[in-house]
Amino acid sequence: MAAAKVAVVGAGVIGLSTALCIVETCPSCSVTVLSEQFSPNTTGDVAAGMLIPHTYPGTPIHVQKEWFKETFSYLFAISNSAEAAEAGIQLISGWQVFKSTPKEKLPFWWDVVLGFRLMSEEELQKFPQHQFGQAFTTLKCDCPPFLLWLEKRLKATGVQMYTRKVADLWELHSEYDIIVNCAGIGAHQLVGDKKLFPVRGQILKVHAPWVKNFIRDGDGSTYIYPGIHRVTLGGTREKESWSLSPDPGTTKDIFDRCCSLEPSLRKAQDIKVKVGLRPSRHCVRLQREVLSQGGVKLPVVHNYGHGASGFSVHRGTAREAARLVGECIAALRGSSSRAKL
């Protein structure tokens, strides 16, 4: 058969990194990215981009750990290269603090990040409301530059990118052999996934260049993540809220909570408010499916529903999705060679 034509639907961090992994693992196929929105208008552009994974209840822990490890190794290599500044990737050290000691003192990812240790009593004096903490070094991704960096890498390999709203995967079957669904929260409508729901996140981006370390409350509700240019303050986790409008009361609440962890933030300047909808599920949907309509078959690979862990596991799930695309290509070749017999 001729080179397989693959369409990746979605141009957030999941869509772009999946397209890149497909190009790397299946160089003979032609890849096109289709999306209604590209950076700077994706959910990923709002994300804090910290590599601290959340847990998916419906996915085995060893699988989640492998996804995270793959992503961490990939971004760590970029952070050690001349590409680091352009890609917006940096190593960052800091603390995760808890008001009471958690049941599990070591998270599943403790040996993937660098230098993980429990905080000393002296360190905890910085956080008088908290009695337990973890110190470690991880990676921070400034998301808009990283998305542009991924786009540049894709264009260099000949990948085409088109602004296009896809309302139904079937509208692509006459143009492409395999569809990869990385539509994020858009999959709620695109494939009618009722298990997918938005978790609204409101964050602040502030100018506070003296803040060098990240601070994260262990429950994930309050966090301070310094980036290359600005500090991200968060946040909210509002399930089933579709509103993209900033709420002034929430802005004040986030700012006050962050200042209680880092009082010097009271002097922060140039506060910008952003809102994004995390595409959340009980587990990431990462699977092959063959759609069938009137005797016509359409191979689809789904890779969406990453919730708050998109950046933490994006490369790991993209690699797996690319492997599934390889399986689809092999199946198509098998059926075309049988058809010739």
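Where is the place of glutamate 240, in terms of E12 and helix H7? Glutamate 240 lies in the loop between E12 and helix H7 (248-261), where helices (H or I, at least four residues) and strands (E, at least two) are DSSP runs numbered from the N terminus.

## Basis of the description

This is a predicted model, in which local features need pLDDT of at least 70 and side-chain atom pairs count only at pLDDT 80 or more, while totals for chains, interfaces and linings use all residues. Residues are numbered from 1 along each chain as its sequence is written, and side-chain values use heavy atoms, with hydrogens and water left out.

## Annotated region

The unreviewed UniProt entry carries the annotation "domain: FAD dependent oxidoreductase", which covers residues 5-324; UniProt positions are given in the numbering used here, feature names are shortened, and annotations may be inferred rather than shown by experiment. Over residues 5-324 the chain is 27% helix and 33% strand, with the end C-alpha atoms 15 Å apart.

## Helix packing around H5

Helix H1 (residues 13-25) packs with helix H5 (residues 143-156) at an angle of about 30°, and their axes are 10 Å apart. Axes here are lines fitted to C-alpha atoms, for helices over the stretch in contact, and angles run from 0 to 180 degrees between N-to-C directions. The angle makes H1 roughly parallel to H5, given that angles under 35 degrees count as roughly parallel, over 145 as roughly antiparallel, 65 to 115 as roughly perpendicular and the rest as oblique. On the H1 side, Val13, Leu16, Ser17, Ala19, Leu20 and Glu24 meet Phe146, Leu147, Leu150, Glu151, Arg153 and Leu154 in H5, contact meaning heavy atoms within 4.5 Å. By class, this contact of H1 with H5 has eight nonpolar, one polar and three charged residues; Ala, Val, Leu, Ile, Met, Phe, Trp, Tyr, Cys and Pro count as nonpolar, Asp, Glu, Lys and Arg as charged, and the others, Gly among them, as polar.

Helix H2 (residues 61-79) also packs with H5, at an angle of about 90° and with the axes 14 Å apart, and H2 and H5 are therefore roughly perpendicular to each other. Tyr74, Leu75 and Ile78 in H2 meet Phe146, Trp149 and Arg153 in H5, a contact with five nonpolar, no polar and one charged residues.

## Strand pairing around E13

Strand E13 (residues 269-293) pairs in the antiparallel sense with strand E8 (residues 197-207) over ten bridges, two strands being paired if DSSP finds at least two bridges between them. Within this pairing, leucine 204 stands opposite valine 273 in E13.

E13 also pairs with strand E14 (residues 296-306), in the antiparallel sense and over ten bridges, and asparagine 303 in E14 is the bridge partner of leucine 286. E13 and E14 form a hairpin with two residues between them, and glycine 294 in the turn has a positive phi of about 55°.

## Backbone features in loops

Most residues other than glycine have a negative phi, and most peptide bonds are trans. Glutamate 240, however, has a positive phi of about 65° although it is not a glycine.

A cis peptide bond joins serine 39 and proline 40, with omega about 15°, and proline 40 is found in the loop between strand E2 (30-35) and H2. Another cis peptide bond joins glycine 234 and glycine 235, with omega about 0°; glycine 235 is placed in the loop between strand E11 (231-234) and strand E12 (238-239).
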